Amino acid sequence: MTSNLTLFAISTATPTLGAWRPASLTVTQFLVMVVFLLALRLSAAMTEDLEKALCEAVIGALVRSGLTVEQAAGIMGWNVHNFRHALRGDPRHQLSLNKLVKLPFSFWMWMLPDLAFLVARQNIRHIGEDLGLTRSA
Amino acid sequence: VWAPLLVGLTLVVLVYGFGLAVVGLVWWQQRKERD
């Protein structure tokens, strides 16, 4: 049973083009493990923390994609004043993802890795504590 | 030749996939709050 599972894991991890080198497989496995741990941690994450990270990521992505707050608000059909409040993390003006979807591809190209990095940074210390690598305060 | 490319590609897929997962989680939470 175990050997079948191992064979299945190896066969799915082996690419169709060229052969894996042990080092590349180790790196891939390590990355998959890190993302898996982050996903586990995220399942217990607080909404406020995620939305704070979202605000930061949106501001960063707007700057990098060369969009001004006014332009972005115009594309989304949202009041500039409300959008500014939402970016500051005002709970009365929630940053709606249904509106953010209307922003161009260049915005999302910067936003997704930025968001992934911010959330990972927020949670990496907790993961260390969970694994017993660092002590909690 | 393929190994660094595949590692790079895996990294990009993981980062963007993770970002998408976070966006999906926030969207789901916002929808739940609205309902």
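Begin by displaying chain A and chain B together: they bury about 2,400 Å² between them, 76% of it on carbon and sulfur atoms. Buried area is the accessible area (1.4 Å probe) that two parts lose on being put together, summed over both. This is a predicted model, in which local features need pLDDT of at least 70 and side-chain atom pairs count only at pLDDT 80 or more, while totals for chains, interfaces and linings use all residues. Residues are numbered from 1 along each chain as its sequence is written, chains are lettered from A in the order in which they are written, and side-chain values use heavy atoms, with hydrogens and water left out.

**The interface**

Select the contact (heavy atoms within 4.5 Å), which takes 33 residues from chain A and 22 residues from chain B. Across the interface the rule finds 5 residue pairs in polar contact, both residues at pLDDT 80 or more. A polar contact is a pair of N or O atoms within 3.5 Å; within protein, one must be able to donate a hydrogen and the other to accept it, and residues adjacent in sequence count only if both atoms are side-chain atoms. The rule finds 0 salt bridges between the two chains. A salt bridge is a side-chain nitrogen of Lys or Arg within 4 Å of a carboxyl oxygen of Asp or Glu.

Buried means under 20% relative accessible area, exposed over 50%, and partly exposed in between (1.4 Å probe, protein chains only).

Centre the view on A:Leu95. Leaving aside neighbours within four places in sequence, A:Leu95 is in contact with residues including A:Leu54, A:Trp78, A:Phe83 and B:Gln30.

**The salt bridges**

A search of the whole structure finds 3 salt bridges over all chains. Select A:Asp114 and A:Arg64, whose closest N and O atoms are 3.0 Å apart. A:Asp114 counts as buried at 15% relative accessibility, whereas A:Arg64, at 47%, counts as partly exposed.

Move to A:Glu70 and A:Arg84, which form a salt bridge with the closest N and O atoms 2.4 Å apart. A:Glu70 is partly exposed at 41% relative accessibility, and A:Arg84 is partly exposed at 35%.

Finally, select A:Arg92 and A:Asp90, whose side chains meet in a salt bridge (3.2 Å, N to O). A:Arg92 is exposed, with a relative accessible area of 70%, but A:Asp90 is buried, at 14%.
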